[in-house]
Amino acid sequence: MYSQIAGTGAHLPEKIVTNGDLERMMDTTDAWIRDRTGIERRHIAADHETTVDLAEPAARRAIEAAGVRPEDIDCIVFATSTPDYVFPNCGVLLQQRLGCRPGGPAFSVEAACSGFLYALAVADKFVRTSDSSCALVVGAETFSRITDWSDRSTAILFADGAGAVVLRPAERPGILSTHLHADGSYKDMLYCPGGVSRDTPAFASEERRKAITMTGNEVFKVAVTSLGKVVDEALAASRLDRSAIDWLVPHQANIRIIQATARKLDLPMERVIVTVQDHGNTSAASVPLALDAGVRDGRIKRGDLLLLEAFGGGVTWGAALVRY
Ligand code: ACO
């Protein structure tokens with residue numbers, strides 16, 4: 001038994017913040033941001049919009065594209081680092097909003113920008129073992145809420161959005177393999193303080209800055225190396241040559257990281273789904289947003305071989321080889 005992506009969906013908040021808008025807010029330039037990151041604009045949630053608000057329309061679109069009904073969903077795995085509540089988890093909130101069948105598992109997975117790959121790997125196992133016949137996998141974030149808008153080194157990067165896929169059982173391989181990794185020795189390179197358990201006087205000085213803290217150039221190097229290795233690992237697991245890949249669907253953190261991975265795979269950029277210019281870095285939402293963009297504009301077709309990859313805080317990273 002295999003699992004297959006039956007449908008995809010995405011949703012972005014209405015408000016767009018361009019590099020020009022950021023020029024007026026901080027000491028930066030459109031040229032610097034484009035040159036170093038590839039980002040031109042990003043979507044930012046309104047004050048009243050939460051992560052689950054963004055996830056709901058994305059999930060509805062994925063459900064519709066899969067040709068199923070909300071009542072058919074029997075498992076929800078929701079990747080986010082910016083949840084609505086401490087609990088209930090975003091998966092449970094979404095189950096209730098969508099009108100899914102109560103009783104099936106619904107839970108969240110937190111692995112920063114790699115979250116969607118982690119969630120996809122977990123849901124794949126639920127479907128393969130027949131514990132689910134229709135799983136909803138979501139990546140949704142409101143990273144603008146943990147962005148320090150006075151810090152030009154991070155404020156230009158992060159954004160909000162949501163993407164989703166529906167996984168269904170299939171006799172022919174859909175998700176061929178998933179590969180997840182983490183290395184906590186890099187925990188201080190990219191993190192966001194403000195954890196509930198550290199909200200005590202003992203940690204007051206460290207926890208005051210509840211915003212993304214990053215040594216960007218170090219993250220860049222570790223990301224390029226880790227992603228280079230994990231894409232090789234994914235191809236080796238299925239004994240496939242890099243020439244077999246139809247589309248690279250990467251995490252959209254930085255165009256230069258994406259280009260480095262494409263070079264490693266000998267893939268021309270025409271075979272890479274790039275949305276970073278329009279979406280910025282939406283963390284766990286970035287891979288399903290890019291996947292949905294490629295599917296809806298007709299580039300990704302049924303039967304294509306996709307390589308999904310992501311790298312994020314922790315550090316965490318992963319890849320999935322998918323026959324769409
Ligand atoms: N505008 C203008 N100048 C800036 C800006 C800005 N927005 N930000 C930094 N600079 C300056 C710096 O102050 C520095 O100036 P100096 O040379 O006078 O000291 C100079 O630009 C170079 O800074 P670097 O940090 O070395 O620039 P770099 O080329 O590394 O680009 C960037 C920074 C874009 C953050 C890059 O390192 C990057 O993308 N890193 C990876 C981030 C990432 O992938 N994160 C993924 C995971 S995210 C997650 O898990 C939540």
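**Aromatic pairs and a helix crossing**

Counting rings of Phe, Tyr and Trp whose centres lie within 6.5 Å, the structure has three aromatic pairs. The model is a predicted one, and this briefing looks at one of these pairs and then at the packing of helix α3 with helix α4.

**The pair of Phe107 and Phe126**

- The ring centres of Phe107 and Phe126 are 6.0 Å apart and their planes stand at 40°, so the pair counts as tilted.

**The packing of α3 and α4**

- Helix α3, which covers residues 51-66, packs with helix α4, which covers residues 90-98, at an angle of about 60° and with the two axes 10 Å apart.
- Because of that angle, α3 is oblique to α4, and the crossing of the two helices is right-handed.
- On the α3 side the contact is made by Val52, Asp53, Ala55, Glu56, Ala59, Arg60 and Ile63, which meet Cys90, Leu93, Leu94, Arg97 and Leu98 on the α4 side.
- Sorted by class, the residues in this contact of α3 with α4 are eight nonpolar and four charged, with no polar ones.

Methods
Residues numbered from 1 in each chain as written. Predicted model: local features only at pLDDT ≥ 70, side-chain atom pairs only at ≥ 80, totals over all residues. Heavy atoms only, no water. Axes fitted to C-alpha atoms, helices over the stretch in contact; angles between N-to-C directions. Helix = DSSP H or I, 4+ residues; strand = E, 2+ residues; numbered from the N terminus. Parallel < 35°, antiparallel > 145°, perpendicular 65-115°, else oblique. Left-handed = near helix turned anticlockwise from the far one by under 90°. Contact = heavy atoms within 4.5 Å. Nonpolar A, V, L, I, M, F, W, Y, C, P; charged D, E, K, R; others polar. Phe/Tyr/Trp six-rings, centres within 6.5 Å; stacked < 30°, edge-to-face > 60°.
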